[in-house]
Amino acid sequence: VLIGAPTGASGLIEIASQGFSQPFTVAAGDAITVDLPTNIMGPQFGNGGTSAPRNDAVHVTTDNPVTVAGLNWAFATSDAFLVLPVTALGTDYVVTGYENIIWSHVPPLEETTLSVLAVEDNTNVTITPLGGAPLYAGDQYRTPFNVLLNRGEAWSPQYEYVYTVAVNADKPVATFAGSPCADVPNGVSTCDHIWAQFVPDSSLASRYLVAPIATRTASLYRVLASEDNTRLFINDQYVALLNRGDKFERTLPGALDIVASKPVVAVQYTLGNQFDKDVRQNDLADPFMLNLAPADAFLSDYVFVVPSGEGVFRDQPNNTVRLPIEEHHVSVVIPAVAASSLLLDGVPVDTSSFVPVGSSDYLSGSLPITPGTHRMAANDAFGLHVYGFGLEESYGYYAGLIFPDGNASLDVLATGPT
């Protein structure tokens, strides 16, 4: 768990089912990393669509706002994700993972995986595939599945060839999605674990400003409609008319201004190592996913951790040594009028190479960054995500977001990838 605190904070991390309880203190402008017990993880590639709920939620509470992210280091399959506070959760979601055609008939590698986590007892959850095809237990396409969860319990269904799923509950839930090993796009290796937490339908936006990923020639974008008759535009060009659950998917270069006539889910995926290997001339790349955030969720001050990835990963079956994450970057989307005020660890950032985001009044750019704790601030709110690449390896997460109650995070419940 990565915890950053611009104003300083004290708190507690608990895993009730494990009897785990660890207090912590973060100094103002600092960040910490807390290792969790490994036995909270499920089986390597998921606990399957028909398994019972697990009671391994990680509960973080603090006395002041903090930013919380989850990070898993694993051989050739790491990733990170921003964790939302309990106050930002909702009852209705449209989510997506990534369906893996290339891994057909090798379950559960091929499956979109969800994890729905209850924050209150006696929470009734209904999960309905909206786009794709069914996987388990003879479910028919678009057939709802119901489950009852108590506080701290998470249920993790998996779906073959399903790209859009609706989650509806009678009490607020946290909803995560991804894939155990996604080839992005399908048929382009190498695959990697991807994972992210989703915002509820009530917090979706109709405009997203997107920075390109450093060292990569393009990203894959997926936009999901939460309502019928949604018109979608990218960089002022009309691209699609979507109904609820429909997806628009395209691989695109550069900075993007994504605008819809109604609220949408927008996801940015980095591409498999082989996609642009001839341009990079190395194997330092792999997929991760970012749920894009609207400009009104940006912060003006971030404290975040760039994980070190020290040492090496060792694949025990064949004793193969895998290099750690070798390069780290941040990408920024910032109002053009505020670009000159951007500071990294108190030092002005050279933004002369930043480029316009479509026809908006924002600029975007990326910077290399070293492992450790960093602070980035400007005179106006801006978007910031942190990511890194190793040998067929990657991670990526938003450095923080503001939520409707005005807090970064005081109370969070999270479940890691299963």
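The model is predicted: local features need pLDDT of at least 70, side-chain atom pairs count only at pLDDT 80 or more, and totals for chains, interfaces and linings use all residues. Residues are numbered from 1 along each chain as its sequence is written, and side-chain values use heavy atoms, with hydrogens and water left out. The protein chain holds one helix and 33 strands. Helices (H or I, at least four residues) and strands (E, at least two) are DSSP runs, numbered from the N terminus.

**Whole chain**
- Of the 418 residues in the protein chain, 57% are buried. Buried means under 20% relative accessible area, exposed over 50%, and partly exposed in between (1.4 Å probe, protein chains only).
- The accessible surface comes to about 15300 Å². Carbon and sulfur atoms account for 52% of that surface. Areas come from the Shrake-Rupley method with a 1.4 Å probe; for residues, only the protein chains shown count as cover.
- Among contacts between residues at least 6 apart in sequence, 76% join residues at least 24 apart. A contact means heavy atoms within 4.5 Å.

**Confidence**
- The mean pLDDT of the protein chain is 83, and 82% of its residues reach 70 or more. pLDDT is the predictor's confidence in each residue, from 0 to 100.
- Residues 134-140 have pLDDT below 50; beyond near neighbours in sequence, this stretch has 18 contacts in the model.
- Residues 406-412 also have pLDDT below 50; beyond near neighbours in sequence, this stretch has 35 contacts in the model.

**Sheet and hairpin**
- Two strands pair if DSSP finds at least two bridges between them.
- Strand 1 (residues 2-5) runs antiparallel to strand 4, joined by four bridges. Glycine 4 has alanine 31 of strand 4 as its bridge partner.
- Strand 2 (residues 9-15) pairs with strand 3 (residues 20-26) in the antiparallel sense over seven bridges. Alanine 9 bridges to valine 26 in strand 3.
- Four residues separate the two strands of this hairpin, and glycine 19 takes a positive phi near 65°.

**Leucine 71**
- Leucine 71 lies in strand 6 (residues 67-72). Leucine 71 is partly exposed, at 22% relative accessibility.
- Not counting residues up to four places away in sequence, leucine 71 touches Leu2, Asp79, Ala80, Pro307 and Tyr395.
- Aspartate 35 is 36 residues from leucine 71 in sequence and 9.5 Å away in space, C-alpha to C-alpha.

**Aromatic rings**
- The count comes to nine aromatic pairs. Rings of Phe, Tyr and Trp (its six-membered ring) pair if their centres lie within 6.5 Å; planes under 30 degrees apart count as stacked, over 60 as edge-to-face and the rest as tilted.
- Phenylalanine 145 and tryptophan 155 are stacked, because their ring centres are 4.8 Å apart and their planes at 5°.
- Phenylalanine 145 sits in strand 11 (residues 145-149) and tryptophan 155 in strand 12 (residues 154-155), ten residues apart.
- Phenylalanine 145 is partly exposed at 28% relative accessibility, whereas tryptophan 155 is buried at 2% relative accessible area.
- Phe81, Phe176 and Trp195 form one aromatic cluster.
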